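Student: I've got a model open and want to talk through its ring contacts and one of its strands. Can we start with the aromatics?

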Amino acid sequence: MEVTKPKTYAAGIGGVFHSMEPAITQMGLARTAKLMTKINHKGGFDCMSCAWPDPDHRKIAEFCENGGKAVTWEATPLKVERSFWQEHTISSLEDKTEYWLGMQGRLIEPLHKAKGSDRYEPIGWDRAYQIIADHLNALDHPDEAAFYTSGRASNEAAFLYQLLARVLGTNNLPDCSNMCHESTGTAMSYSVGIGKSTIAYNDFAKSDLIIVMGQNPGTNHPRMLTALQEAKENGARIVAVNPLPEAGLIGYKDPQRVRGYLGKPTEIADDFLQIRLGGDMALLQAVSKRVLEAEQRAPGTVLDRAFIDEHCDGFDSFEAHILQLDEREVEQATALSRAEIDALADAYIAADRVIICWAMGITQHRKSVDTIKEIINLLLLRGNIGKPGAGASPIRGHSNVQGDRTMGVWEQMPDSFLDALGEEFGFEPPRSHGLDAVHGIRALDRGEVKVWMGLGGNLLGAISDTNLAESAMRKTKLSVQLSTKLNRSHVITGEEALILPVLGRTEVDMQAAGPQYVTVEDSVCAVHASHGQIEPIASTVRSETAVVAGIAHATFGDRHGIDWLAMIDDYDVIRDHISRVVPGCEDYNAKTRQRDGFVLPNGPRDERRFDTETGKARITTNELEPVHCPPGRLILQTMRSHDQFNTTIYSLNDRYRGIKKGRYVVFVHPDDLADLGLEDGQSVDIFSEWKDEPDRVLRGFRAVAYPTARGCAAAYFPEANVLVPLDSTALESNTPASKAVIVRLEPASVPAGVGRPVVV
């Protein structure tokens, strides 16, 4: 492992090289050129990486470094041949890393692990479907099955998947949202009546102030840097609020411009507030308090009284509560000075149009839901929702995680959706709420879920409390994965297991009616088509949509008169169903064939309509609860490296943070290392402490002195997920609190980076 100084800017020629070099090396020049000129283009395919929206006018290269890596990772010609399964037992793969598993190539034929076997064996599609059908039809109750979904699935596949679950009779539809932006949906649905962004892409260029909280766009949403750069050129001020200084928010070299190679980086963040982990809610309340005090000093000049009176409720109780905020508690929670907080409040008051963006740095805390409610409170005080250049902007990480939810992949869909679904397909959908991801693992551990199916994704790599999750998965009767490449969830299985290989988004999906397109929804509610461009990796690989419908047909036959096979032959049949079930999707076939797609209706953004129980936006009162960290301990957050997308590892490097050829590191402020009697480069064991439970331990990590906030630490996921207790979750949303893990560091008995760290 090599450790150097962290970078002070993102992209530039380095971003181009690190995107194109692996693409050309692994795919060849012709394949690379064909795909990279079609990604995120009208008539092309939608990036399978993040959900960042597309501008009206596309550039020739409308993708980022990690988007290019995602294409290379999926479209590699490397295959997992039958010889691989002859050489490797399943148990022999258990000590392989996510990186190693993913680098073996594309899955190309259905695979079956029989009960009592330690090997996957090739199997035909019809036999695979029948195995699943037999297990599902033999359940004592439909709730003994659970259907997990990745945010990469298309709208068509997601719609069929939730239909499969509900025809079976269960709402057990956990998905990746449960582990990332569930807190956002919970908070925003309560406060403004919709769990989605209230801005459009073009609002960034119209904003006066953009506050970026708990987010690292340089790695996780690199195309966002272009939007932030354009906003700055139009006069916007940008404030970054984060425990870690991130390269992309310090500087940006736009690879689409000549000066991105020759000139100095564009300074993105005008101000950097290095907040203590868990201090965001206190900061937001402190800024709101200053806004209220400014209104008291100059009545009628600060608050948007007309907006509050017409569109909001709860203001009076909120005002009384916030004005009592203890400033000493704020300083302790945030580790920020009063001067820093005053400056942010002044900037907010001076701006007419404000956008607040956030990601998992906000959503993965115990008080995440209340923190996001405070974001909404602050925006509402000055009418910063429902006008150009202003609004709430949750930045979602997976390409179609928002579309999955729109299509009904949620364990708590409202009765209005279930009524429409039942009327369309002639059955009575189940009404009781199902299992989310965390509750799903608990149900597995209790032996209550017999069949677990995953539509894409890597639940065991993404979920908290790795050891418990893996032990729970082994208790299933059947585990099924629809996947493009190998990951941890293929190695830890039920008594019986299936791997079903599916097409990637880059590949042509040919069905009886001809080549099919699928649809996706981005972070600003824009829905558009995605067309595969290259031949499938193998003739034995099927689309996610076809596989889901094939499983349903084998399980139900013509029960309820649903013609599953017709939906395989022509996806227009699926979209016709969507148009009659999903709100805002009327004339779905016609709208998705438009060159620019269409934008789903959004009450707060479009007409300042708030579909809450009161019919108004709710200004809420929330009790502050800072993270308590005992002496000699640190608050640890899990995070991605730069060469990573969710649990997919593209390389063992994180060049923006100065890490090369390794991932078993823990980032700690140098003064904290000194206080703990540790040194930079020393091998340490990481112990997480949770209530009265035994410590969870990772051994043999390298301590890296790093300019993180004092009292805080950081390590990569999925490796550090073992440290996150399963029951340590956000209130209301049940999202794992992966950004608030209390840990202690002790000198290790093994050198740093020797072998794979031991997990106890």
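This is a predicted model: local features need pLDDT of at least 70, side-chain atom pairs count only at pLDDT 80 or more; totals for chains, interfaces and linings use all residues.

Student: How many aromatic pairs does a search of the whole structure find?

Tutor: Rings of Phe, Tyr and Trp (its six-membered ring) pair if their centres lie within 6.5 Å; planes under 30 degrees apart are stacked, over 60 edge-to-face, the rest tilted. Searching the whole structure on that basis gives 14.

Student: Why is the pair of Phe 147 and Tyr 161 edge-to-face?

Tutor: The ring centres of Phe 147 and Tyr 161 are 5.7 Å apart. Their planes meet at 85 degrees, so the pair is edge-to-face.

Student: Is Tyr 161 buried or exposed?

Tutor: Buried means under 20% relative accessible area, exposed over 50%, partly exposed in between (1.4 Å probe, protein chains only). Tyr 161 has a relative accessible area of 0%, so call it buried.

Student: Which strand pairs with E23 in the parallel sense?

Tutor: Strands (E, at least two residues) are DSSP runs, numbered from the N terminus, and two of them pair if DSSP finds at least two bridges between them. E23 has 3 bridges to E31, running antiparallel. The parallel partner, over 5 bridges, is E30.

Definitions and conventions
Residues are numbered from 1 along each chain as its sequence is written. Side-chain values use heavy atoms; hydrogens and water are left out. Helices (H or I, at least four residues) and strands (E, at least two) are DSSP runs, numbered from the N terminus.
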